[in-house]
Amino acid sequence: MLELLLDNKEGSIWDISELVTDATWKTSRVGKPGSFDFSFIAADNIQINNGDIVRAKWDGVPIFYGYVFTIGSDQEEQIKVKCYDQIRYLSTNETYVFKNMTAAAIVKRIADDTGLKWGHVVDTKYRIPSMVEDNQKLIDIICKAFDHTVINTGNIYNFFDEFGALAVRDARDMSLNLVIGDKASMYGYSFEKSIDNETYNRFKLVQDNKQTGHRDVYAAEDSANIAKWGRLQYFQKVDDNMNEAQINKLLDQLQQIKNRETKKLKLEALGNPSVRAGSYINVRISDLGIDQYYLVDECSHRFSGEDYTISLDLKVI
């Protein structure tokens with residue numbers, strides 16, 4: 001049962017669960033706020049304004065805490081509302097210079113500076129030598145910090161709003177004891193593998209050498225995959241403070257992460273409030289010979305009356 005509370009931040013809280021006709025909760029793993037769209041039957045005693053707080057639970061499980069950003073209405077006396085969680089407030093631009101800080105520390109710094117609440121933030125450990133970000137969106141700065149972390153360590157962290165508090169969790173700790181497949185909850189799927197995005201088989205890193213006045217070049221390639229796919233080159237200028245061992249380690253990490261096809265799987269399944277972007281779930285589809293864990297890249301929960309379903313975009317890591 002979907003429970004929805006509306007708080008006008010002036011002392012009035014309305015339980016509008018019985019008035020809601022449909023709702024959709026979406027989460028994305030990278031670079032987007034969580035959103036909650038819903039429609040409800042207009043009532044004279046209920047007033048809704050932009051900035052009001054919306055809290056949603058399913059069978060008592062907290063799923064969304066955010067703020068009203070758009071209100072619409074129609075001739076059928078339906079009120080349509082779009083809400084976002086705190087990450088929406090990271091769409092503003094700012095300038096930052098970070099030295100020797102972890103992605104987790106950068107999240108805390110930006111959250112404190114913008115007045116956002118943060119909660120469970122794990123130590124991401126890898127210290128980024130430097131980041132100079134001039135007039136960039138705050139969410140893009142944070143995503144860039146996590147990109148540095150995964151490229152240099154191979155560890156994936158999820159950044160999201162956890163029912164009203166910004167959180168950073170190790171993706172490995174978000175593995176669910178849940179199976180979705182042709183014999184469990186699933187009622188539709190599509191699958192693709194591609195080399196069109198984020199796939200590379202030649203890697204070229206360059207670093208300015210202040211002593212010689214030239215650029216040092218570090219390169220690696222997979223000739224077998226170049227023969228199959230053509231040459232797909234990755235290029236990056238690395239930080240001046242990195243030493244040769246660190247650059248070669250980065251080359252190794254890039255080859256492990258990006259020298260492969262990307263595989264995407266989309267599922268339609270019965271609803272489960274524990275699933276969100278960043279979760280790992282076990283997928284079993286006999287027609288595709290799949291029985292493995294996938295990372296949820298995007299997740300959409302749809303509520304309509306007593307019907308509750310989810311759509312999942314998954315990727316192999």
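**Cysteines, salt bridges and a sheet**

Q: How far is the sulfur of Cys-299 from the closest cysteine sulfur?
A: The distance is 17 Å, and that closest sulfur sits in Cys-83. This is too far for a bond.

Q: What kind of model is this, and what goes into the numbers?
A: It is a predicted model: local features need pLDDT of at least 70, side-chain atom pairs count only at pLDDT 80 or more, and totals for chains, interfaces and linings use all residues. Residues are numbered from 1 along each chain as its sequence is written, and side-chain values use heavy atoms, with hydrogens and water left out.

Q: Back to cysteines. How many disulfides are in the whole structure?
A: The search finds 0. A disulfide here is a pair of cysteine sulfur atoms within 2.5 Å. Cys-143 has its closest cysteine sulfur in Cys-299, 18 Å away, so it is too far for a bond.

Q: Is Cys-299 buried or exposed?
A: Cys-299 is buried, at 3% relative accessible area. Buried means under 20%, exposed over 50%, and partly exposed in between (1.4 Å probe, protein chains only). Cys-143 is buried as well, at 15%.

Q: New topic. How many salt bridges does the structure hold?
A: It holds 15. Each one is a side-chain nitrogen of Lys or Arg within 4 Å of a carboxyl oxygen of Asp or Glu.

Q: Which side chain meets Asp-7 in a salt bridge?
A: That of Arg-55, at 3.5 Å, N to O. The pair links distant parts of the chain, 48 residues apart: Asp-7 is in strand β1 (residues 2–7) and Arg-55 in strand β5 (residues 53–58). Strands (E, at least two residues) and helices (H or I, at least four) are DSSP runs, numbered from the N terminus. Asp-7 is buried at 13%, while Arg-55 is partly exposed at 24%.

Q: And which side chain meets Asp-297 in a salt bridge?
A: Arg-29 does, at 3.2 Å, N to O. These two are 268 residues apart: Asp-297 lies in strand β20 (residues 290–304), and Arg-29 lies in the loop between β3 (20–28) and β4 (35–41). Here the Asp is partly exposed, at 22%. Arg-29 is buried, at 17%.

Q: Where do Arg-109 and Asp-113 lie?
A: Both are in helix α1, 4 residues apart, or about one turn of the helix. Arg-109 is partly exposed at 37%, and Asp-113 counts as partly exposed at 46%.

Q: Which residues are linked in a network of salt bridges?
A: Asp-208, Arg-215, Lys-237 and Asp-240.

Q: What does helix α1 lie across?
A: Helix α1 (residues 103–114) lies across β9, β11 and β12, running at about 175° to β9. Axes are lines fitted to C-alpha atoms, for helices over the stretch in contact, and angles run from 0 to 180 degrees between N-to-C directions. Contact means heavy atoms within 4.5 Å. Helix α2 (residues 138–153) lies across β11 and β12, at about 160° to β11.

Q: In what order do the 3 strands of the open sheet come?
A: The order is β9-β12-β11, with mixed pairing. Two strands pair if DSSP finds at least two bridges between them. The edge strands, β9 (118–121) and β11 (157–161), each pair on one side only. Neighbouring strands of this sheet are turned by 15° against each other on average, direction ignored.

Q: How many bridges join β11 to β12?
A: There are 5, and the two strands run antiparallel. As one example, Asp-161 has Leu-166 in β12 as its bridge partner.

Q: Is Tyr-294 buried or exposed?
A: Tyr-294 counts as buried, at 2%. It is found in strand β20. Leaving out residues up to four places away in sequence, Tyr-294 touches several others, including Phe-191, Leu-265 and Ile-281. Tyr-294 and Ile-281 are 13 residues apart in sequence and 5.6 Å apart in space, C-alpha to C-alpha.

Q: Last one. Which feature does UniProt place at residues 24–315?
A: The unreviewed entry gives "domain: YqbQ/XkdQ" there. UniProt positions follow the numbering used here, feature names are shortened, and annotations may be inferred rather than shown by experiment. Over residues 24–315 the chain is 17% helix and 50% strand.
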